[in-house]
Amino acid sequence: MSENKLHTLFILSDNERGVLARVTALFSARGYQIQNITAGEINEAQHLSCIAITTEGTAETIAQIKAQVEKIVAVRSVVNLTEAQGAVQRELMIVRVRRDAPKHDALVDTLNELDARQIAADEESTSFELTGDTRAINQYIARLNALGAVEIARSGIVGMAPVKLH
Amino acid sequence: MSAPASAPHFLSAPAGSVLLGAEIVVRALRDQGVEHIFGYPGGAILPVYDAIFQQDELHHILVRHEQGAGHAAEGYARSTGKVGCVLVTSGPGMTNVVTPMTDAMMDAIPMIIISGQVPTHLIGTDAFQEADTTGITRNCTKHNVLVKDVNELAETIHKCFHIARSGKPGPVLIDIPKDVQFGKGVYVAPDEVTKYKTYPYAIAASDPKIAAAVDLMQGAKRAVFYTGGGVINANAANDLRALVHATGFPITQTLMGLGAFPADDPLNLGMLGMHGTYEANLAMYHCDVMICIGARFDDRITGKLAEFSPNSKKIHVDVDAASINKNVRVDVGIVADAGEAIRAMLAEWQRRNAKADSAGLAKWLQKIQEWRAKDSLAYEHSETIIKPQYAIERLAHFTASQNPIISTEVGQHQMWAAQHFPFYAPNRWLTSGGLGTMGYGLPAAIGAQVAHPDALVIDIAGEASIQMNIQELSTAVQYNLPVKVFIINNEWMGMVRQWQQLIHGERYSHSYSEALPDFVKLAEAYGALGLRATRPDELDSVIAQMIAHPGPVMADIRVDPKENCFPMIPSGAPHYAMILKDGDIAPVSPEGLMMV
Ligand SMILES: Cc1cc2nc3c(=O)[nH]c(=O)nc-3n(C[C@H](O)[C@H](O)[C@H](O)COP(=O)(O)OP(=O)(O)OC[C@H]3O[C@@H](n4cnc5c(N)ncnc54)[C@H](O)[C@@H]3O)c2cc1C
Ligand SMILES: Cc1ncc(C[n+]2csc(CCOP(=O)(O)OP(=O)(O)O)c2C)c(N)n1
């Protein structure tokens with residue numbers, strides 16, 4: 001048995017009612033964990049959606065999960081992004097800094113240093129967006145939280161399989 | 001709501017015609033080749049019942065409880081190889097079919113369930129008899145859909161039939177709001193639907209995996225075939241027989257696979273697993289090559305996984321990729337239809353002019369003969385009390401010439417039927433294996449009898465199980481379906497009592513069937529024939545009367561209340577730790593205690 005590790009599965013599916021529910025129901029019914037999940041329509045004309053799920057398991061468990069998900073009628077393909085050479089994965093995070101935050105200036109300096117993009121501002125706060133792979137996002141979060149009061153939201157993984165696997 | 005006189009009837013209107021949603025349902029079923037549907041009406045499905053009323057090609061069988069409809073459809077499907085169909089109303093009608101759907105999901109039975117739903121504009125309002133049908137049935141169907149647009153109805157139904165019968169078969173539910181049944185839409189014929197989910201099916205004899213499998217088989221000294229329900233699904237019993245005889249290897253079948261190989265063939269070791277024969281289980285333990293075809297390494301087969309067939313190379317043929325390496329890691333996994341794979345293996349075996357290692361095989365068959373000599377299905381005979389095994393043997397004896405279809409309920413009687421009733425052909429054995437649903441047998445028998453009006457159909461039942469769907473006797477009487485219910489009445493939930501005796505210190509908690517009805521009077525109350533045998537010398541004549549009677553019969557066979565079902569591998573124990581008779585020690589490990 002190989003070791004437990006995180007894998008992200010990229011699921012291309014028909015954009016039918018209940019697909020997401022079927023995928024998550026399968027995970028809970030078979031006792032698999034969902035670390036994070038993102039989903040959205042990607043081609044309205046072709047009724048296509050994509051779902052990315054991160055889960056933990058041995059290579060054997062992940063192969064079993066992949067085979068189970070592929071059985072779902074609306075699912076067209078499943079690619080393990082973690083194993084697929086050339087796959088890309090990103091997360092988006094949004095950071096809001098209040099003007100009265102004790103370390104306001106340090107926070108903004110850090111965000112600028114990280115190439116965060118300002119996306120909104122009002123009298124009370126400024127909001128930034130940042131993207132990166134999960135490891136980078138985890139580092140950003142650690143750095144920002146170390147500077148105290150800051151609000152953070154993150155998207156979960158959005159990914160794409162390499163061309164040859166489509 | 002009658003159509004204008006000039007409009008053709010909805011069953012003969014050309015494809016492309018505009019029909020009512022309810023008419024589309026009946027038309028689509030007819031065009032899918034459905035002749036019988038089992039159901040129960042209610043408010044949300046009345047338009048479909050109205051359409052059924054106005055035609056006579058699709059025959060509706062009215063059950064007494066929707067669970068009965070579901071199991072009847074399963075029995076119909078298993079005995080014919082066709083898709084079984086169910087029609088129910090929203091809310092409680094649908095929830096009553098949850099058990100049969102789960103059952104069909106487990107046992108890979110193709111089934112279509114059509115449920116009425118509250119009108120679209122009321123969905124989500126807690127309307128009368130509203131239930132979240134797709135939500136509730138998501139985990140017990142292979143696929144389910146809520147159809148909100150009448151113009152998608154025909155295509156959806158055709159696709160659902162394809163899904164139900166292809167790949168690993170299973171139940172598919174179509175939920176249809178009442179306004180969609182009343183709406184008008186275009187009917188499309190099955191052949192106009194082009195976009196289907198594809199499932200693995202074929203495999204070429206030249207495929208490297210077939211070569212790898214045949215390599216293993218050629219090198220084997222102690223090979224065994226282990227086959228299951230997938231061979232029945234694939235309609236591949238004849239191919240299996242050819243492959244087994246070409247190789248000369250012995251074969252064992254799962255509970256679900258019985259009938260795929262003739263019981264009296266010398267190579268047949270009978271059933272394996274928890275209540276399988278000594279020779280089958282020891283062959284599994286000691287083999288060097290295992291050829292698993294259309295079976296799924298269920299925990300009632302493997303026993304203790306860590307000690308499951310420790311020294312064998314394993315080949316696994318399954319149409320479901322997720323079945324391979326799920327419970328047991330195999331050396332050669334072949335994702336294909338069982339029939340296709342068997343034919344490919346046989347073709348490759350013949351092309352190579354292959355021969356089994358004859359010295360090895362002879363020694364192996366000799367060993368098996370020694371195990372067989374234990375006669376693990378033997379039981380103590382009695383002159384004074386009917387032994388349940390004896391009752392089943394006599395039933396088999398008197399019905400042999402009629403090639404009967406046998407269904408069962410769940411419990412000891414089910415296992416005794418599997419052990420003592422010989423099957424020579426597929427599709428004659430209907431039993432709930434994966435879910436183990438008490439109450440399955442009578443409706444399943446009814447479903448089979450509907451499909452085979454001239455066949456002798458017998459439900460081998462327990463007195464506890466039969467009470468779970470006994471109301472279906474009324475269905476049998478209404479449609480003059482001459483099913484025979486053969487109750488192995490031991491006054492106990494025998495299988496539960498056996499576990500309590502062996503594993504729970506003889507504390508018989510709530511397993512005695514108190515206040516049993518008088519089954520003879522009960523049969524009569526329903527308008528069926530009731531019979532009873534209490535002594536061994538009464539048995540033969542009761543069986544003869546039962547078979548001779550042209551209508552439904554319920555026979556109450558009073559058997560030894562304390563008989564146990566052996567052999568038995570206690571849950572979670574390895575294959576060699578088999579209990580053969582009362583008094584043998586039951587070595588139950590802490591892990592085994594957790595198993596069911
Ligand atoms: C009280 C009780 C006791 C039991 N004791 C035993 C016992 O002692 N021994 C025993 O065997 N069982 C026993 N069972 C039944 C057991 O629980 C399982 O239901 C059974 O073993 C499963 O049979 P199977 O492996 O043939 O799989 P099935 O459930 O029949 O599944 C068929 C397999 O074949 C595949 N398949 C389907 N169609 C095809 C196709 N066309 N081509 C290729 N593959 C296909 C499916 O994907 C699946 O993997 C017992 C049940 C009860 C209720
Ligand atoms: C619906 C359902 N409830 C409970 C069980 C658990 N169970 C398995 S066998 C059994 C006893 C069956 O008794 P009976 O029908 O008399 O058969 P016997 O074992 O005596 O032959 C029970 C309660 C089950 N399998 N199905």
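**Salt bridges in chain B**

I began with Glu155(B), which forms a salt bridge with Lys159(B), the closest N and O atoms being 3.3 Å apart; a salt bridge here is a side-chain nitrogen of Lys or Arg within 4 Å of a carboxyl oxygen of Asp or Glu. I noted that this is a predicted model, in which local features need pLDDT of at least 70 and side-chain atom pairs count only at pLDDT 80 or more, while totals for chains, interfaces and linings use all residues. Residues are numbered from 1 along each chain as its sequence is written, chains are lettered from A and ligands numbered from 1 in the order in which they are written, and side-chain values use heavy atoms, with hydrogens and water left out.

Both Glu155(B) and Lys159(B) sit in helix α7 (residues 153-165) of chain B, 4 residues apart, about one turn of the helix; helices (H or I, at least four residues) and strands (E, at least two) are DSSP runs, numbered from the N terminus. Glu155(B) counts as partly exposed because its relative accessibility is 32%, where buried means under 20% relative accessible area, exposed over 50%, and partly exposed in between (1.4 Å probe, protein chains only). Lys159(B), at 24%, is also partly exposed.

Next I looked up Asp215(B) and Arg352(B), whose side chains meet in a salt bridge at 2.6 Å, N to O. Asp215(B) lies in helix α9 (residues 208-219) and Arg352(B) in the loop between α14 (338-351) and α15 (358-372) of chain B, so this pair ties together parts that are 137 residues apart in sequence.

I then found Arg394(B) and Asp540(B) joined by a salt bridge of 2.9 Å, N to O. Because Arg394(B) belongs to helix α16 (residues 388-399) and Asp540(B) to helix α22 (residues 536-548) of chain B, the pair ties together parts that are 146 residues apart in sequence.

I also noted a network of salt bridges that links Arg27(B), Arg30(B), Asp31(B) and Glu57(B). Over all chains, the structure holds 33 salt bridges.

**Chain A**

For chain A I recorded 4 helices and 8 strands, which follow the pattern β-α-β-β-α-β-β-α-β-β-α-β along the sequence. Of its 166 residues, 43% count as buried.

Which residue did I check in the loop between β6 (117-121) and β7 (125-132) of chain A? I checked Glu124(A), which lies in that loop and counts as exposed because its relative accessibility is 57%.
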